[in-house]
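I opened this model to look up a few local features and the packing around them. My entries follow in the order in which I made them.

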Amino acid sequence: MSMENNHEERRLAFYQNIVDNPNPIWKSENILRLFLPQFTFLMVYIIFSTRSIHYILRPLNQPHFVAELLAGLLLQTFRGTILYDLLAPAKALLGIETIAHIGLIFNMFLTGLEMNLCAIMQARKKATSVAIVGTILPMVIGGLVYDVALTYSKEENTNRFNTNTAHLFCASLLSVTNFPVLAHILSDLKILYTGLGRVALAAATVSDFYNWATFVWLIPFSNGSRHPFVSVFWTMFFVVFCFFAVRPSLGKFLVKKTEKNEWDNYQLSFVVIGVLLCAHVTEMLGTHSIIGALICGLILPRGKFADMVIEKSDDVVSVYLAPLFFISVGVRFKLTIFLARNLLITAAIVLLSCSTKIISTVIATSFYHMPLRDGVALGALMNPKGILPLIMLNIASDKQIFDDNTYSALVLSVLIMTMTVSPIINHIYKPRKRFEKGKLRTIQNLKADTEVRVLVAVHNCRQATGMINILQAFCAANLSPLRVFILHLMELKGRDTAILNVQLEQNHSNHEAAEVENIASIFAELAAEASNTSNMEALTAVSPYETIHKDIYNIAEEKIATLVLLPFHKHASTDGTLEITDNAFKDINQNVMRHAPCSVGILVDRGHGSLSNVKFHIAMLFIGGPDDREALAIAWRMARHEGTHLSMVRILLCGKAAEVDSHAPVHDENQGLLSTVLDSGKEKMLDEEYVSLFRLMAVNNEDSVTYAERQVHTGDEVSLVLDELDKNGYDLYVLGQGKGRNSLVLSSLLEWTDCPELGVIGDMLASNSCGSSSSVLVVQQYGFGGTDFKTSNQGNANNEDVESLFGKRED
């Protein structure tokens, strides 16, 4: 008993404030000269170190939590130096931890504001089973981990530690899965929308709910209360009261004021008071203040109100206040666990901690006959930790449940469990190229009765409406079935848990909910009309626009799509001209075309009529190359739709216009002019074979298909041919992007294009100066490499040859 009292005195002395220069008024030091400068230095250190570490670890797909924890642990390496005394002096730590605790309270409030218990109640059987087994089995193994940790304390006195409570803490710690951190990892790895990603995120949500429930039971027992069940009972009563008494009336009031836009900063201050009040209630009941903050977030309404609160408070809470908590973790962390005598035990604790989730998940998934590789990957995805286990460890350290070495070893385990997730998934699961060159996923290589699988990516309802006619054209009666995947692209803004609102079918904001519902209804009408549509599936991808193309890649691979349809970054205005919708859409389209796992089509929508009309006129412009052959295959399928008339116009390059561009990229291993000529000759042979097949099977057998040829000798004649064709008033142009043509005149014209993703001809037809009112579908065929847009507008042709054709360019 005396040893416990002495240890408690040493711990309390850690925060003892000794006044060196008493002030005659306040009898204390000047806080402006002591705490504020030190707090400022600490904030600068946190911001600089966290962002630097996060930047360094970005190639490894590490979540921000790892950078924050490493920044806190890095502080321990400065112990004994002037820098450590400047950043974390003993006199200032109590104030710093107080501010950090406030940051934790509001961070948990924002987490609760983004959660939805309906997703937990509606979780599928597989995800629920994985979550339950992944929670119970680690709790059992957690006792073994603590028994190993006890060897740290054998040289001292093991009896001073509350081993019963310690076993419970260690068991609860290993069962935690933090779903916001997991969502960040899945998003970075671009597997959030795969089957494994969905199961992992759903299981993590259920598991996290169980972890919070366990935490409510755990804290009263750790406090040494004589009646811990009383604390649990009153806490549960408070939860029920908030959900069934406070939530209904409060929700109606907040939604009403939000819809009328009556909120201001003064009224929002009542939200802050409510968070602190709920936190104080659960603290008084004997659990923890963050439980009350989480409950406060759960009972508030979603939608516009939640978005407003998150937007106003997220940056301050997540970037500045919450990371202060990791300083307290770093101060408690002891580097002695890396000494030779402790290293073996530390390794054993880390290994056992990391393997418990994987073993339990593999056992659970074996009942669903999942491959071992997927079971291990799913188990690794259940390992990411967050703030909750660190809070448990800090409580255990303060209550003398764990000694310093055990605390440090478990903190290291939390760090390694989270850091190793991305490397493991990258090694054993990350999607690989499934499309072999001998089995190209292209429309041209599909048999007539083979299912056509199309991935349609849209940002809004206007773009969804424009895609309908393209899909209707694939729904010709008595032909191949059509399977459509509608992918709603949404930009990720704010906190990472916003991903969960879409992935787990939680509530969107009012605008987002209406947009999602409208897009789904637009394509639902197509599914009802198309008798041969075997399946239509709605998906949503939420990512930063800089990386959302990777989600499109992976979804197209998983769904084995043959064609990806993308909207142009401009839309038709009331006067018929094209206006920019969002320049970010242009970057997305170009990124998709670089490495897409199937053929890609970009639709320039000018409101092209309807296929329900008596006549729907399509013009297919064919010059040559793989993209044009793919475009012809698409137009050929469209021509089979009743009421559609297809006019194929082959543009023949003659004279200097037919000269081969010696600087064009080749598709074989040889280099030089000869290889370019051979490649060009091969392409011409393939073009002739496919055009001849089209003329034999389509033109001669169907009155709705016509064929014509136009000769072009110079670059100026290209625009003249397009002007002549546009007088026919086609509803839709279908053409190839132009890769592989190896024509000097077209390579030269590419220098002048504003939208290289459309190619030379597509850019002309989409230009407002052209005056065309027709829509344009530009196609890129898979299997011949993506388009490099960084060099596509720089030109590959020889300058002298260009000047001989078009004259000297004026800059």
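I started with Ile337, which is buried, with a relative accessible area of 0%; buried means under 20% relative accessible area, exposed over 50% and partly exposed in between, with a 1.4 Å probe and protein chains only. I found Ile337 in the loop between α15 (325-332) and α16. Helices here are DSSP runs of H or I with at least four residues, strands are runs of E with at least two, and both are numbered from the N terminus. Ile337 and Ser408 are 71 residues apart in sequence, yet their C-alpha atoms are 7.1 Å apart in space.

I noted the ground rules. This is a predicted model, in which local features need pLDDT of at least 70 and side-chain atom pairs count only at pLDDT 80 or more, while totals for chains, interfaces and linings use all residues. Residues are numbered from 1 along each chain as its sequence is written, and side-chain values use heavy atoms, with hydrogens and water left out.

**Overall counts**

I counted 32 helices and 12 strands in the protein. Of its 811 residues, 55% are buried. I then took contacts, meaning heavy atoms within 4.5 Å. Among those between residues at least 6 apart in sequence, 83% join residues at least 24 apart.

**α16 against α17**

I looked at helix α16 (residues 340-366) and helix α17 (residues 372-381), which pack at an angle of about 135° with their axes 8 Å apart. That makes α16 oblique to α17. The axes are lines fitted to C-alpha atoms, for helices over the stretch in contact, and angles run from 0 to 180 degrees between N-to-C directions. Angles under 35 degrees count as roughly parallel, over 145 as roughly antiparallel, 65 to 115 as roughly perpendicular, and the rest as oblique.

The crossing of α16 and α17 is right-handed. A crossing is called right-handed if the near helix is turned clockwise from the far one by less than a right angle, and left-handed if anticlockwise. On the α16 side I listed Lys357, Ile358, Thr361, Val362 and Thr365; on the α17 side, Leu372, Gly375, Val376, Leu378, Gly379 and Ala380. By class, this contact has six nonpolar, four polar and one charged residues. For these classes, Ala, Val, Leu, Ile, Met, Phe, Trp, Tyr, Cys and Pro count as nonpolar, Asp, Glu, Lys and Arg as charged, and the others, Gly among them, as polar.

Which residues does Thr365 touch, not counting those up to four places away in sequence? I found Val130, Met370, Gly375 and Leu378. Thr365 lies in helix α16 and, at 2% relative accessibility, counts as buried.

Between α16 and α17 I stopped at His369 in the loop. His369 is exposed, with a relative accessible area of 72%, and has a phi near 60°, a positive value in a residue other than glycine.

**α17 against α20**

I turned to helix α20 (residues 421-428), which packs with α17 at an angle of about 165°, their axes 9 Å apart. The two are therefore roughly antiparallel to each other, and α17 passes α20 in a left-handed crossing. Arg373, Val376, Ala377, Ala380 and Leu381 in α17 meet Val421, Ile424, Ile425 and Ile428 in α20. The contact of α17 with α20 has eight nonpolar, no polar and one charged residues.

**Cores**

I next looked up the nonpolar cores, each a set of buried Ala, Val, Leu, Ile, Met, Phe, Trp, Tyr and Cys residues joined through side-chain atoms within 4.5 Å. The largest has 185 residues, and those with the most contacts inside it are Phe109, Phe215, Leu390 and Phe402. Helix α10 (residues 195-222) gives the largest share of this core, 13 residues. Apart from this core lies another, of 49 residues, among them Met620, Tyr690, Val705 and Leu777.

Leaving aside neighbours within four places in sequence, I found Phe215 in contact with His288, Ile290, Ile291, Leu388, Ile391, Met392 and Ile395.

**Later in the chain**

I checked Ile560, in the loop between α24 (548-558) and β4 (563-567). Ile560 has a positive phi of about 55° although it is not a glycine, and is partly exposed at 34% relative accessible area.

I placed Asp731 in the loop between α28 (715-726) and β11 (732-736); at 21% relative accessibility, Asp731 counts as partly exposed. Asp731 and Phe616 are 115 residues apart in sequence and 6.5 Å apart in space, C-alpha to C-alpha.

My last entry is helix α30 (residues 759-766): seven of its eight residues are buried, so α30 is largely enclosed by the rest of the structure. The buried ones are Gly759, Val760, Ile761, Gly762, Asp763, Leu765 and Ala766.
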